[in-house]
2 protein chains.
Amino acid sequence: MNELVFVGLGLNDEKGISIKGLDETKTADHVFIEPYTSLMPDFNLQRFEAICGKKAHVVSRRELEEENGAFILEAAKKSKAVFLVPGDPFIATTHVTLRIEAEKQGVKTRIIHGASIISAIISLSGLHNYKFGKTVTVPFPENFSETPYNVVAQNKKVGLHTLCLLDLKATEKQFLSINQAIAMLLELEQKNKKSIITPATVAVGIARAGSDCPTLKADFVKNLVDYDFGEPPYSLIFPGDLHFMESESLIAFAGATLEFRRLVK
Amino acid sequence: MNELVFVGLGLNDEKGISIKGLDETKTADHVFIEPYTSLMPDFNLQRFEAICGKKAHVVSRRELEEENGAFILEAAKKSKAVFLVPGDPFIATTHVTLRIEAEKQGVKTRIIHGASIISAIISLSGLHNYKFGKTVTVPFPENFSETPYNVVAQNKKVGLHTLCLLDLKATEKQFLSINQAIAMLLELEQKNKKSIITPATVAVGIARAGSDCPTLKADFVKNLVDYDFGEPPYSLIFPGDLHFMESESLIAFAGATLEFRRLVK
């Protein structure tokens, strides 16, 4: 059948994919994979190819962005093409353009979902999903922006948590660290003086969500600014109002001190 | 090894689980499963047991909530216990209590993530993940609440989208329909008169996210109120400000009319 199936690889390594996603890959005529919208720290292409019994064409950023994945669409017009993407296929907006173009050209598309880094981080923290406001990405210093500070401020104002994804260039192995992100936000605090992110603010740093050895640490910003989180990828949560069960979760799962019980609103 | 591993079953059926989750289940001494925090429409326990080669103990709501899963903890103190949960394990807050209790009693816990209904819905819609505000559940009429209306209002005020999960009792096969949810919200509009959810408001209804045949329909509320979405589960998005690419996505993936291009801000 002529179609383009977007399959989520899930998290961390070649075993993050669902059984359904693996079945779709096994029956594909052409398999494409892109490794740069997110980091899967322990993913090995040779092991993955052994599991699915197919050779995968690694798509470069240039092929996808400048050529709009034209060769993927050509393959999908004549046969079953599977496009493998880290996490859940469209949580990164990069691939939406390809899917729109496919549908415009009459190529049927389907999605096989995978575990997403966003639900993994929320799940690991034990914080309540429905209490998160807008998510934001903290950029590298060269793309400095006040947006992350403003989003945390906007969410806190109504008691909501903020999930901050920290920018990365997966193929270049560049990762904004939790320490750097906090330092940048403290600088913005110096400038704006709204008491949004001060040394006494509570935050949760998360490294390697979805791997076998995630690191979580909930503490005051003053203690997190030089905490060693180990290997990437990284993210950061600024909690809004904490429910009793949420502070218990941070104590049990993220090494928070018992002092966190006093923060419950 | 004595431990309690929470494994996400992912979406829809027994093939939604990751390969890693399946491997953990195959090597477990005790397998527990709960089928009521979310609906997996095509999940079949016998087929799942055949795939993993283990018998699974179906946990009742009473065993989990009233007895705090004491027998799961007992099993995990002496052996490797796997607890299978629809979607991603802690997106529903129901299981956080069990995990806290396990850690308090010295039982090590781990999480193997699965695809979550929340990232699946966002992924399917093509709307940008970072433009969603707080998520809300629309309850059954007997638990009537103004919260969903207020959350949509709060998000819209700052241009953000709202994901509304529609309440369900999976084991009783009761589902709040998209039509019912919209009717309830229109009633609240009548009462509050803030022009948040009127017949001319844009919304996106989604049925069976994560299945082989999801239905998406983006339209004005007046047209969605009696649209036939087929089988459950259901959810509903009230978009805030639409980016050009988002309106193109709704046209390509959710049957929106070209009129949606005029809604771009």
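This is a predicted model: local features need pLDDT of at least 70, side-chain atom pairs count only at pLDDT 80 or more; totals for chains, interfaces and linings use all residues.
Residues are numbered from 1 along each chain as its sequence is written, and chains are lettered from A and ligands numbered from 1 in the order in which they are written. Local features need pLDDT of at least 70 and side-chain atom pairs count only at pLDDT 80 or more, while totals for chains, interfaces and linings use all residues; side-chain values use heavy atoms, with hydrogens and water left out.

Me: How many residues of chain A are in contact with chain B, and how much area do the two chains bury between them?

Reply: Contact means heavy atoms within 4.5 Å. By that rule, 53 residues of chain A are in contact with 53 residues of chain B. Buried area is the accessible area (1.4 Å probe) that two parts lose on being put together, summed over both. For chain A and chain B, with 61% of it on carbon and sulfur atoms, this area is about 4,300 Å².

Me: Which residue of chain B forms a salt bridge with A:Lys20?

Reply: A salt bridge is a side-chain nitrogen of Lys or Arg within 4 Å of a carboxyl oxygen of Asp or Glu. The count between chain A and chain B is 6 salt bridges. In the one formed by A:Lys20, the closest N and O atoms are 2.9 Å apart, and the partner is B:Asp13.

Me: Which helices of chain A each supply at least two residues of the side that touches chain B?

Reply: Helices (H or I, at least four residues) and strands (E, at least two) are DSSP runs, numbered from the N terminus. On the side of chain A that touches chain B, the helices in question are helix 1 (19-26), helix 5 (96-104), helix 6 (117-125) and helix 10 (244-253).

Me: Is B:Asp13 buried or exposed?

Reply: B:Asp13 is placed in the loop between strand 1 (3-8) and helix 1 (19-26) of chain B. Not counting residues up to four places away in sequence, B:Asp13 touches A:Lys20, B:Met40, B:Asp42 and B:Phe43. Buried means under 20% relative accessible area, exposed over 50%, and partly exposed in between (1.4 Å probe, protein chains only). Because its relative accessible area is 11%, B:Asp13 is buried.

Me: Which residue of chain A forms a salt bridge with B:Lys15?

Reply: B:Lys15 is partly exposed, with a relative accessible area of 32%. The closest N and O atoms of its salt bridge with A:Asp23 are 2.9 Å apart. This pair crosses between chains, from the loop between strand 1 and helix 1 of chain B to helix 1 of chain A, where the partner is A:Asp23.

Me: How many residues apart in sequence are the parts tied together by A:Glu3 and A:Arg110?

Reply: A:Glu3 forms a salt bridge with A:Arg110, with 2.9 Å between the closest N and O atoms. A:Glu3 is buried at a relative accessible area of 6%, whereas A:Arg110 is partly exposed at 26%. Since A:Glu3 lies in strand 1 (residues 3-8) and A:Arg110 in strand 5 (residues 108-112) of chain A, the parts so tied together are 107 residues apart.

Me: Which residues are linked with A:Glu3 in a network of salt bridges?

Reply: By this rule there are 32 salt bridges over all chains. The network that includes A:Glu3 links it with A:Glu24, A:Lys80 and A:Arg110.

Me: What is the angle between the planes of B:Phe220 and B:Phe260?

Reply: Rings of Phe, Tyr and Trp (its six-membered ring) pair if their centres lie within 6.5 Å; planes under 30 degrees apart count as stacked, over 60 as edge-to-face and the rest as tilted. The count is 12 aromatic pairs over all chains. B:Phe220 and B:Phe260 form a tilted pair, 6.0 Å centre to centre, and the angle between the planes is 45 degrees.

Me: Is B:Cys52 buried or exposed?

Reply: B:Cys52 lies in helix 2 (residues 45-52) of chain B. Leaving aside neighbours within four places in sequence, B:Cys52 is in contact with B:Leu22, B:Thr25 and B:Lys26. Because its relative accessibility is 5%, B:Cys52 counts as buried.
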